[in-house]
Amino acid sequence: MKCDKCNMALKAISVKMLGETFKAKECPACRSRIVNLDIAMKLHDKIVPKLKCEKRIIKIGDSSAITIPKGIRHFFLPGSVVTLDFDPQEMAMTIRKE
Ligand SMILES: [Zn+2]
């Protein structure tokens with residue numbers, strides 16, 4: 001198998017990421033890596049976990065707030081801008097990062 005960018009032969013490597021060790025192929029020139037689809041899906045699920053949890057609303061000064069769960073907080077770092085969409089009929093609020 002050859003690299004799409006460099007046309008160099010890919011080398012089999014072992015990669016340790018997110019607590020998993022898996023086989024991949026790497027281009028010796030541009031360091032692009034290829035993994036099979038099953039491994040990619042497994043890593044995707046670890047990186048982007050689906051989340052549904054119960055949170056208690058807390059008071060910060062005159063405001064009400066919730067904290068961002070640990071598993072997804074890297075998507076919502078302090079200073080990030082989000083859009084809140086409140087549906088009063090469903091009593092549901094969606095937080096969307098653009
Ligand atoms: Zn390459």
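## The hairpin of β6 and β7

Four residues lie between the strands in the hairpin of β6 and β7, and within this hairpin Met91 adopts a positive phi near 50°. The structure described here is a predicted model. Met91 is found in the loop between β6 and β7, and its positive phi occurs in a residue other than glycine. Met91 has 7 other C-beta atoms within 10 Å; since a residue with 12 or fewer is exposed, Met91 is exposed.

An open sheet is formed by three strands, in the order β1-β2-β3, with antiparallel pairing. At the edges stand β1 (11–17) and β3 (33–34); each has a single partner strand, so one side of each has no neighbour in the sheet. Strands of a sheet pair through backbone hydrogen bonds, in either a parallel or an antiparallel sense.

Seven bridges connect β1 and β2 in the antiparallel sense, and Ile13 stands opposite Ala24 in β2. The hairpin of β1 and β2 has two residues between the strands, and there Leu18 takes a positive phi near 55°. β1 itself is hardly covered: among its seven residues, the count of buried ones is zero.

The surroundings of Asn7 contain 9 C-beta neighbours inside 10 Å; because the limit for an exposed residue is 12 or fewer, Asn7 counts as exposed.

Gly71 is located in the loop between β5 (63–65) and β6. Is Gly71 partly exposed or buried? It has 13 C-beta neighbours inside 10 Å and therefore counts as partly exposed, given that a buried residue requires 20 or more. Between the C-alpha atoms of Gly71 and Asp38 the separation is 22 Å, the two residues being 33 residues apart along the chain.

## Domain arrangement

The domain assignment of the protein divides it into domain 1 (11–47) and domain 2 (58–97). Taken over C-alpha atoms, the centres of domain 1 and domain 2 are separated by 33 Å.

## Confidence of the prediction

Across the protein the mean pLDDT is 90, with 99% of residues reaching 70 or more. Confidence is lowest in helix α1 (residues 37–47), where the mean is 83. It is highest in strand β4 (residues 58–60), at 97.

Key: Residues are numbered from 1 along each chain as its sequence is written. This is a predicted model: local features need pLDDT of at least 70, side-chain atom pairs count only at pLDDT 80 or more; totals for chains, interfaces and linings use all residues. Domain bounds come from an automatic or database domain assignment. Two strands pair if DSSP finds at least two bridges between them. pLDDT is the predictor's confidence in each residue, from 0 to 100.
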